[in-house]
Amino acid sequence: MNTFCTGKDLAAQRTRVRRRTVLFLGLCLLALLLFVTLCLITRTDNAAGTLRIAMISMILLGCACITVWVCLLSPARLKLTHLEGLASQAPETREGRFFLTAESFQIPKSVRARRVRLETEEETYALNLDEDWIPRAPENGSLVRVQTVRKFITGVEVLVPPPAPVPAEENARRPVRSPARILFRLLPLFLLWGMMVPIFTGFVFTRITDTDATHKITVYVDAELRDAARLAARLEESVSEPVRMVKVHPFTYALFGSDALKQADLYIVPASHTEEYRDWFAPLPEEMASLASDRIPDGIPVFDPATGLHAAGSWILYNPLSGKSEPYFLFFGRNSLHLADHAATGIARVLLTLTD
């Protein structure tokens with residue numbers, strides 16, 4: 001009797017499950033370690049790059065984990081459960097003519113099987129054969145003794161070979177391994193994972209690259225910015241507690257609401273817009289009063305085409321696309337939380353000295 005479900009088969013399947021579990025968990029651990037590492041090395045000036053790397057790597061590693069689970073680990077675990085179930089029950093024995101059909105079907109939460117006809121003198125039995133055991137099946141028309149558990153063939157002994165070749169049904173001995181079928185199972189999971197990664201990664205990186213108003217200085221610039229993250233990183237070099245971060249944004253960053261603009265610590269605006277935003281500005285702190293403009297008492301000049309003043313000119317494009325050039329001024333925010341602790345003053349002084 002050629003028995004399919006032996007102790008050796010069970011041991012081999014358990015080993016297969018263990019190896020695939022290690023592979024799956026290894027990929028998951030690699031994804032987790034990479035994500036944590038990227039979070040730890042993220043700073044204001046490299047946040048955009050590490051976020052991009054995190055999204056791409058998490059999508060690729062996540063798809064690899066999904067593929068291993070769907071194509072390797074989950075089927076192996078279901079197969080092991082199936083074999084253990086067969087091995088736990090006493091088999092029955094029947095004799096008859098063996099015919100393997102092309103009818104293939106997936107047993108829910110179990111293995112894919114192939115329908116077998118066992119023709120005896122009294123009746124014809126409909127039995128099932130695990131597709132992985134097709135290569136071990138006898139020729140159609142063979143007189144066989146089969147061992148069965150719950151209609152599953154677990155062993156075959158050929159008593160008499162077929163007297164003449166019996167044509168098999170088309171594809172009867174070819175297991176169903178269609179790439180299209182596998183892709184059909186994987187594609188929705190890939191798409192779902194691809195949608196989840198940007199949401200989750202963006203949320204995490206927002207949390208680690210931002211903080212509350214008490215611990216950051218926010219600068220809004222009514223002009224085009226070139227590499228705002230790099231400018232913020234330069235300003236962060238001079239911060240001290242309680243401030244840990246500096247954020248630099250163009251006014252368009254708050255395009256859909258002015259609440260964030262109204263809470264800013266510092267503003268850089270052109271002379272033509274100062275009256276429009278006047279209610280947001282605070283009087284200059286005493287220690288900065290000497291830098292005030294004669295034209296606008298509450299503002300400190302940061303750009304003046306007439307004198308060549310060009311503070312932080314490597315990051316702030318003061319000349320608009322229209323070509324109209326006008327002076328720009330630095331203002332302190334009326335609602336700033338960092339006027340009393342002088343943190344906003346310190347950042348303003350650094351910004352005024354930046355020339356590259």
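Which residues does Val146 touch, not counting residues up to four places away in sequence?

## Val146 and its contacts

In this predicted model, Val146 touches Glu92, Thr93, Arg94, Leu118, Leu127, Ile153, Gly155 and Val156, with residues up to four places away in sequence not counted.

## Nonpolar cores

Val146 also belongs to the largest nonpolar core, which has 41 residues. Val146 is among the residues with the most contacts inside this core, together with Phe35, Phe98, Val116, Leu129, Trp133 and Ile153. Two or more core residues come from each of helices H1 (7-41), H2 (47-87) and H3 (179-208), and from each of strands E2 (92-106), E3 (112-119), E4 (124-130), E5 (143-149) and E6 (152-160). H2 gives the largest share, ten residues.

## Packing of H1 and H2

The axes of H1 and H2 are 9 Å apart, and the two helices pack at an angle of about 160 degrees. Because this angle is over 145 degrees, H1 is roughly antiparallel to H2. Their crossing is left-handed. The contact of H1 with H2 has 26 nonpolar residues, along with four polar and six charged ones.

## Ala87

Ala87 lies in helix H2. Ala87 counts as partly exposed because its relative accessibility is 43%, a value between the cut-offs of 20% and 50%.

Apart from neighbours within four places in sequence, Ala87 is in contact with Cys5 and Leu10. Ala87 and Leu10 are 77 residues apart in sequence, while their C-alpha atoms are 8.7 Å apart in space.

Key
Residues numbered from 1 in each chain as written. Predicted model: local features only at pLDDT ≥ 70, side-chain atom pairs only at ≥ 80, totals over all residues. Heavy atoms only, no water. Core = buried A, V, L, I, M, F, W, Y, C linked by side-chain atoms within 4.5 Å. Buried < 20%, exposed > 50% of the residue type's maximum accessible area, 1.4 Å probe, protein only. Helix = DSSP H or I, 4+ residues; strand = E, 2+ residues; numbered from the N terminus. Contact = heavy atoms within 4.5 Å. Axes fitted to C-alpha atoms, helices over the stretch in contact; angles between N-to-C directions. Parallel < 35°, antiparallel > 145°, perpendicular 65-115°, else oblique. Left-handed = near helix turned anticlockwise from the far one by under 90°. Nonpolar A, V, L, I, M, F, W, Y, C, P; charged D, E, K, R; others polar.
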